[in-house]
Amino acid sequence: MSGSYKIDNSLIPNHIAIIMDGNGRWAKSKGMPRVLGHREGVKTVREITETCAELGVKYLTLFAFSTENWNRPEYEVNALMTLIVNTIDNELKNLMKNNIKLEAIGDISALPSKSYNSLIKGIEDTKDNDRMTLVLALNYSGRWDIVNAANMLAHDHAENRLDEKDFKMYLSTAKYPDPELIIRTSGELRISNFLLWEAAYSEFYFTDIKWPDFKKESLYEAIYDYQHRERRFGKTSEQVNK
Ligand code: IPE
Ligand code: IPE
Ligand code: MG
């Protein structure tokens, strides 16, 4: 039992994916530069990562930088890239202490070399941790992943027909279950090129809270809400309640 939202510990999602949005507006509302919003957002990343591990979530995917985010002003892109390096370097000890494995999806080869190297070191150093996998979506977009998969597939299977399971094996998320729950903060009601294939039957949770203010209790509320939905996967309510 956790916080004021009574979470059922037997119904914790295996995989939670989060579109961490609203850092810029959070900062603006306080008269601060956007970049300080991103810095504040890192604190939320730490708190939500640790809370998910405590709750027994096995995979947490965080949308940290989309393919389209390269189109932001150069100084903001640079600040985000620097923040990624610093955060991974600083958090490595905590990831080890909490037995959390770091992985990434997206075209990380296009990141600046400092960010890329920190990321690879973080992934390498934590590869034997097994309590929870934290997946950072970096230079990621759902369409990029689908096209990337199609290209690899065309190469491997020129002759054969494939089903959905075969196709999933080519996505960068192949080894992760589809997220049961996708959270987006800051009041935006869209998917912004996040897990397009994987979200086919995810439950969506939208909140007006901006990412830097999304705390432990906000996550409990999201999971509580999720636990009170009926997931029907195309069937009738009567069928799933048999
Ligand atoms: C989310 O916050 C972080 C990233 C996209 C990197 P934003 O920077 O999108 O914040 P808003 O949406 O402008 O408030
Ligand atoms: C989505 O947020 C990407 C991340 C959270 C990294 P954006 O702020 O980039 O999305 P849009 O532009 O509002 O759709
Ligand atoms: Mg945004």
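## A tour of two ligand sites

Select ligand 2 and asparagine 69: an N or O atom in that side chain is 2.9 Å from an oxygen atom of the ligand, which is a polar contact (a pair of N or O atoms within 3.5 Å). This is a predicted model, in which local features need pLDDT of at least 70, side-chain atom pairs count only at pLDDT 80 or more, and totals for chains, interfaces and linings use all residues. Residues are numbered from 1 along each chain as its sequence is written, ligands are numbered from 1 in the order in which they are written, and side-chain values use heavy atoms, without hydrogens and water.

Next, select serine 192, where a polar side-chain atom lies 2.6 Å from an oxygen atom of ligand 2. Taken alone, ligand 2 exposes 390 Å², and the protein buries 79% of that (accessible areas come from the Shrake-Rupley method with a 1.4 Å probe).

Now show the residues around ligand 2, among them Phe63, Ala64, Phe65 and Ser66; such a residue has a heavy atom within 4 Å of the ligand. Strand β2 (residues 59-66) gives the most to this shell, with four residues.

Move to ligand 1. Its surroundings include Met20, Asp21, Asn69 and Arg72, and these four residues are also listed around ligand 2. Select aspartate 21: a side-chain N or O atom is 2.8 Å from an oxygen atom of ligand 1. For arginine 34, the corresponding side-chain distance to a ligand 1 oxygen is 3.0 Å. The protein covers 87% of the 380 Å² of accessible area that ligand 1 has on its own.

Finally, select α1 (23-29), which gives the most to the shell around ligand 1, with three residues.

Definitions and conventions: Polar contact = N/O pair within 3.5 Å; in protein donor to acceptor, adjacent residues only side chain to side chain. Helix = DSSP H or I, 4+ residues; strand = E, 2+ residues; numbered from the N terminus.
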